[in-house]
Amino acid sequence: MSNSAKYFPDRAFERFAGGGDGEGAPYCDPVEAARFPNVRLRYRNNRWAERLGLDHLTPTAWLAHFSAFKPLADNMMRPLALRYHGHQFRTYNPDIGDGRGFLFAQLRDGSASAGGRLLDLGTKGSGQTPYSRFGDGRLTLKGGVREVLAAEMLEALGVYTSKAFSLIETGEALERHDEPSPTRSSVLVRLSHSHVRFGVFQRLAYEKNTDAITALVDYCIRYFYPALEELAGEARIVSFYREVIAATARLVSQWMSAGFVHGVLNTDNMVVTGESFDYGPWRFAPTADPNFTAAYFDHTGLYAFGRQAEAGAWNLAQLGGALSMAASTEALNEALKGYGEAYEIAMADAFFRRLGLARTGSDDFAFVTALLNWMTTSRAPYEQVLFDWFGGAASAARAAKSIAAPYYDEKTFAPLREQLTAIPAVAPERLDCAYFQKSSPCTMLIEEVEALWALIAENDDWSGFEAKLASITEMREAYGFAE
């Protein structure tokens with residue numbers, strides 16, 4: 001076993017939910033994993049495996065645990081599919097739940113201590129459940145590759161995200177209407193801090209199960225927001241809601257600072273810890289275009305780049321509606337009014353962090369707004385601008401040599417240049433990293449993703465995928481956000 005971290009199993013949710021009885025337990029149902037004909041490991045997150053004390057697993061053991069889903073030692077004995085409802089493109093759907101995934105294991109972040117964060121290992125593509133409806137419960141290999149790329153890129157850019165922990169090709173041929181078929185299949189394991197979606201509370205409210213709502217709030221406070229443990233009654237629930245509001249504002253702000261568009265911001269795709277997860281038709285915006293969308297089926301731009309903050313607020317309102325079964329609507333609405341201020345603070349935090357600059361005061365959000373407005377009108381490349389000006393004045397010479405330098409010569413940029421070069425840098429020594437000696441940053445535009453997949457689909461060539469992960473690692477280490 002690793003000398004750097006020990007393995008600390010924890011069956012918190014299984015104890016809380018009683019494992020599910022399949023006939024009305026409010027939170028989950030025990031399920032069985034699918035059996036796959038020909039498994040092959042395609043990605044293993046060694047960095048996080050070491051942190052969790054699972055780096056000792058042999059290749060054979062890894063496959064046994066993360067494709068056949070043999071229980072980890074002293075951990076959950078049966079997978080649990082979570083029950084939830086949700087608003088999908090703002091239409092309420094009571095016929096959803098974990099349809100191709102389940103909670104497989106829980107453990108503590110061993111790099112901290114036995115009392116570290118509770119973390120979940122959940123799946124995607126692990127087979128049918130009671131909520132699969134007409135689906136096969138499977139995940140395409142392309143979908144798995146895309147999720148690995150999204151999670152790795154976002155973590156490197158400072159977004160609080162679930163981690164792609166394992167990706168295994170499963171040897172099945174899948175039929176899909178939105179890509180050439182038959183297509184290759186996979187099973188993904190993701191590591192996250194929480195699996196409790198807004199939609200879990202929505203289902204409990206739909207069922208008018210106030211006791212279960214209160215119990216779930218207690219679970220979330222105990223494991224995610226322990227500072228609230230001493231509170232009781234309505235104050236406890238409203239304070240929990242305030243924490244989720246702040247976490248959601250932070251998440252959306254981090255997406256914006258990464259130039260990221262999630263694509264499907266339904267209430268069942270948001271969790272109470274404000275953690276980014278479940279990457280479907282995501283994209284990174286090439287420029288600061290508020291109308292840029294990720295999902296081909298988002299015909300009205302409901303979840304466009306510039307509307308993600310609005311989507312977060314709307315989804316929080318639905319969570320508040322569910323919590324109103326156990327707390328007053330007036331108190332919850334008052335809490336929700338704080339979202340706007342929380343978002344402005346979080347936006348300033350996120351963008352100043354991306355730029356490697358120290359927060360200066362109350363005008364920081366105005367600076368971020370001015371920067372985004374300029375990026376929108378100039379059409380300057382999104383990631384290039386943030387890369388060029390990391391460290392402010394310390395990067396002025398770099399920016400002057402950039403491929404985007406003509407944008408910075410425009411008169412409209414002059415006020416921003418003055419501000420960028422006046423704000424103190426937080427860690428200018430990071431500019432010594434090899435990453436910042438390059439002319440262009442690591443990016444993940446849709447054309448790049450499709451090119452990487454084409455190599456895999458046509459020639460089983462994983463070299464482009466592996467090279468991209470190496471580039472992301474270099475970027476992550478240069479910025480140091482993941483630390």
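Me: In which loop is Pro182 found?
Reply: This is a predicted model, where local features need pLDDT of at least 70, side-chain atom pairs count only at pLDDT 80 or more, and totals for chains, interfaces and linings use all residues. Residues are numbered from 1 along each chain as its sequence is written, and side-chain values use heavy atoms, with hydrogens and water left out. Strands here are DSSP runs of E, at least two residues, and helices are runs of H or I, at least four, numbered from the N terminus. Pro182 sits in the loop between S10 and S11.

Me: Which residue does a cis peptide bond join to Pro182?
Reply: Omega is about 0° at this bond. The partner of Pro182 is Ser181.

Me: Is Arg133 buried or exposed?
Reply: Arg133 is found in the loop between S8 and strand S9 (139–140). Its phi is positive, about 55°, although Arg133 is not a glycine. Buried means under 20% relative accessible area, exposed over 50%, partly exposed in between (1.4 Å probe, protein chains only). At a relative accessible area of 51%, Arg133 is therefore exposed.

Me: What is the relative accessibility of Phe89?
Reply: Phe89 is found in the loop between strand S5 (86–88) and strand S6 (91–93). Phi of Phe89 is positive too, near 50°, and this residue is not a glycine. Phe89 counts as partly exposed, because its relative accessibility is 26%.

Me: Why do the buried residues of H3 line one face of the helix?
Reply: The buried residues of H3 (residues 59–66) are Ala61, Trp62, His65 and Phe66. Seen down the helix axis, they line one face because they fall within an arc (taken from the directions from the axis to the C-beta atoms) of 110°.

Me: Which residues of H3 are exposed on the other side?
Reply: The buried residues of H3 are covered by elements including helix H2 (46–51), strand S7 (103–108) and strand S10 (163–174). Across from them, the exposed residues are Pro59 and Thr60.

Me: How far from Lys163 is the nearest side chain of opposite charge?
Reply: Lys163 lies in strand S10 and is buried. A salt bridge needs a side-chain nitrogen of Lys or Arg within 4 Å of a carboxyl oxygen of Asp or Glu, and Lys163 has none. The nearest side chain of opposite charge (Lys and Arg count as positive, Asp and Glu as negative; His and the chain ends are not counted) is Glu155, at 4.3 Å.

Me: Which backbone oxygen lies 2.9 Å from a polar atom of the Lys163 side chain?
Reply: Beyond four places in sequence, Lys163 has contacts (heavy atoms within 4.5 Å) that include Asn45, Trp48 and Arg190. The backbone oxygen at 2.9 Å belongs to Thr161.

Key:
Polar contact = N/O pair within 3.5 Å; in protein donor to acceptor, adjacent residues only side chain to side chain.
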